[in-house]
Amino acid sequence: MLDRRKLFSNVGKGLLAASFPYAIASNAYGQGAVLKVKYDWLMSNGQIGDIVALKRGFLKEQGFDVEFQPGGPNSATVPPVATGQALIGQFSSTNQGMIAVAAGVPIKIFATGYRTAPFAYFSLPKAPVRKPEDLIGKRVGTQPTARYVTDALLKKYKIDPGRLQVINMGFDMAPLVNGQVDVVTGWVTNTRALSVIGPDRIDFMAVEGGIYNYGNAYFTSNEGLEKNADAIGRFVKAISKGWEWAFNNRAAAVDIMCDAYPQIERDIEKKTVDLVMKLSFDKDTATHGWGWFDPARIQETADLFASVDLFKDGKKPKLEDFTTSRILDATRSDRARLG
């Protein structure tokens, strides 16, 4: 069994000792400047609004060119931003920012694209999981990097971990279909992978169990924030406009995304885009605008994660150390209010 603290502390290992200059982060992002954005994973439906903002020229309207740098299984997200090789990064969820800062990396989350990380437990009617207590007696297949979510859920509902079996798995949903496990974890937006489970699939979202964790969290280095807050604000305005356009023109937005990244399957994404928009907009964005997050909710999650020993040496990061409302406040009147 992997040591969870070692696994997550490696997010920040070695970064503080890096001596790379903030060559990019220190630049002024004026007309024609190239702003680099490092993503946590391959470009997919979670970036549809970003892609629209680029292809429809909304980023160009804000005075700079943008280079999207996709991630992947062997791609590091934090180092390029922490060392100034990219101004902006995107985590899959806010918890990654907590972990990085707890490990000593000087970064801050300034906006969130998803109202919740789309992490869920998937099961079948023969052994359904519709609430945390339903995990009791089950064989739960989960990715090693996601194990802490189950730990947090068990802690929150005072469930003895010995009453279920947790098994490491990848992102293939076949173990559920083959009967090797009773429940698997993954993202509800990964429509292609989930298709093997079939129409009887039962979804239990982690957020339904009270694990509040914003998804697609945009972040920058502390130095990048201080030196380029205006550029980051202009980036947020453009990306928000891209998401607004995608919200109102869903089929066309899918076409733009698939034309830009042909490996993305058009037919599947046209069936998924409504779910993506539901994850991106809710009553809070209708009030506060796209990208907004509730600091109190993030603090609640940090407290819960600390209770399951997620952070290295038990050092829970302070909210102000890994989040900032500076960019959201500066763009309050420019971010799409849709719900």
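What we have is a predicted model, where local features need pLDDT of at least 70, side-chain atom pairs count only at pLDDT 80 or more, and totals for chains, interfaces and linings use all residues. Residues are numbered from 1 along each chain as its sequence is written, and side-chain values use heavy atoms, with hydrogens and water left out.

Let's start with helix 6, residues 147-156; helices here are DSSP runs of H or I, at least four residues, numbered from the N terminus. Eight of its ten residues are buried, meaning under 20% relative accessible area with a 1.4 Å probe, protein chains only. Among them are Arg147, Tyr148 and Asp151. After helix 6 comes Lys158, with a positive phi near 55°.

Now, helix 11. Where does helix 11 bend? At Thr272, by about 45°, taking the angle between axes fitted to the seven residues ending there and the seven starting there. Thr272 is also one of the buried residues of helix 11, and so are Glu269 and Met277.

On to the rings. Phe, Tyr and Trp rings (six-membered ring for Trp) pair if their centres lie within 6.5 Å; planes under 30 degrees apart are stacked, over 60 edge-to-face, the rest tilted. That gives eleven aromatic pairs. Take Phe119 and Tyr121: the ring centres are 5.8 Å apart and the planes sit at 85°, so that's edge-to-face. Both Phe119 and Tyr121 are buried. Elsewhere, Phe110, Tyr218, Phe235 and Trp290 form one aromatic cluster.

Key: Helix = DSSP H or I, 4+ residues; strand = E, 2+ residues; numbered from the N terminus. Buried < 20%, exposed > 50% of the residue type's maximum accessible area, 1.4 Å probe, protein only.
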